[in-house]
Amino acid sequence: METETGVIDAHHHVWDLSVRDQNWISGPELAPLRRDFTLADLEPEARTAQVTATVLVQTITVPQETPEFLQLAAHSDLVAGVVGWTDLTAPDVADNLAWLRAGPGGEYLVGIRHQVQAEPDPRWLVRPDVLRGLTAVAEAGLVYDLVVKPHQLKAATEAAARLPHLTFVLNHLGKPPIASGALAPWAEETRRFAALPNTRCKLSGLVTEADWGSWTTQDLKPYADTVLDAFGPDRLMFGSDWPVCRLAADYAQVIAAARELTARLTPGERHQVFTGTAARTYGLTSTGSPGPPQEAPCA
């Protein structure tokens, strides 16, 4: 166990297909995900892995999902924070964020995410309307989670440079092409992003970017080493990406791989990756429950 308070899993999902379809789950490769995944499914696996707190992250871009997640968090002993969704381009985005914060479980809202990876415009993040929305996220004291592909990292870096008071958290290392073994140009763009003080990264999503059936920890190591060196342990946090990870590995295998990838770190540095960075970034207390909104560092 990394700390007396256990591990924080900074990235997982849940969904109930009877409530809402997950239209991104299509085709035979994703068929194992086409069923309900609930907190009750996650809890025994997380407890076995000594995870005592988690961050629940949005899956689809509909306004109803985030209030549902906030109420889930309010009634859960495991979920410590929610990264939800709101339309960043809406003229009333600040009011929408305030409404979420004022509603049931609103104190669990720690961040916002949008499926930027699905946007055809590689510079979507630096559109004026999006930057206005991101400014509202910063003013609300929330974090912005980034789910992007490598070709979108340049715009992510530009957005983070323009908004030094907003903390940007790169999900899944920016989805590098692990299965191909290529590092360039992903590594260079990631280092540029990491050079900004208001950026963080999740050690998450590696196994599903690798070959699902034959990956080894050695396949993941060049990518993990890149972000460890670029961000440092105090700006890197573990995330399981459950249940999406199940396409390539179960929960125990994912956390075992993360521990192996960070084995060269000191105990204090591993504490940051598995607990400290997530707690600070999302404003969680040592027990995993929501604390005061964090203040992002200035550039």
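**Pockets, salt bridges and backbone of a predicted chain**

The largest pocket holds about 460 Å³ of space. Of the 19 residues that line this pocket, Trp24, Gln115, Gln117, Lys175 and Val244 are the closest to its centre. A pocket here is an open set of points on a 1 Å grid over the protein atoms alone, where a 1.4 Å probe fits, with protein on both sides within 12 Å along at least five of seven lines; a lining residue has an atom within 4 Å of a point. The points are joined across faces, edges and corners, and the volume is the space filled by probe spheres set on them. Rolling a probe the size of a water molecule over the atoms shows where empty space is left.

This is a predicted model, in which local features need pLDDT of at least 70 and side-chain atom pairs count only at pLDDT 80 or more, while totals for chains, interfaces and linings use all residues. Residues are numbered from 1 along each chain as its sequence is written, and side-chain values use heavy atoms, with hydrogens and water left out.

What classes of residue make up the lining of the largest pocket? There are seven nonpolar, seven polar and five charged residues. Ala, Val, Leu, Ile, Met, Phe, Trp, Tyr, Cys and Pro count as nonpolar, Asp, Glu, Lys and Arg as charged, and the others, Gly among them, as polar.

The second largest pocket has about 220 Å³ of space. Its lining has 13 residues, and those closest to the centre are Val14, Trp15, Asp16, Phe69 and Leu72. Helix α2 (residues 65–74) gives the most to this lining, with four residues.

The chain as a whole has 10 helices and eight strands; these are DSSP runs numbered from the N terminus, helices being H or I with at least four residues and strands E with at least two. Of its 299 residues, 56% count as buried (buried means under 20% relative accessible area, exposed over 50%, and partly exposed in between, with a 1.4 Å probe and protein chains only).

Next come the charged pairs. The structure holds 12 salt bridges, each a side-chain nitrogen of Lys or Arg within 4 Å of a carboxyl oxygen of Asp or Glu. One of them joins Lys202 and Asp145, with N and O 2.7 Å apart. Lys202 is in strand β7 (residues 199–203) and Asp145 in strand β5 (residues 143–146), so this pair links parts of the chain 57 residues apart. Lys202 and Asp145 are both buried. In another salt bridge, Glu209 meets Lys175 at 3.7 Å, N to O. Glu209 belongs to helix α7 (residues 206–209), while Lys175 is in the loop between β6 (168–170) and α6 (186–194), 34 residues apart.

Most residues other than glycine have a negative phi, and most peptide bonds are trans. Phi of Lys175, however, is positive, near 55°, and the residue is partly exposed, at 21% relative accessibility. Leu173 has a positive phi too, of about 60°. Pro185 is in the loop between β6 and α6, and the peptide bond from Ala184 to Pro185 is cis, with omega near 0°. A cis bond also joins Trp242 and Pro243.
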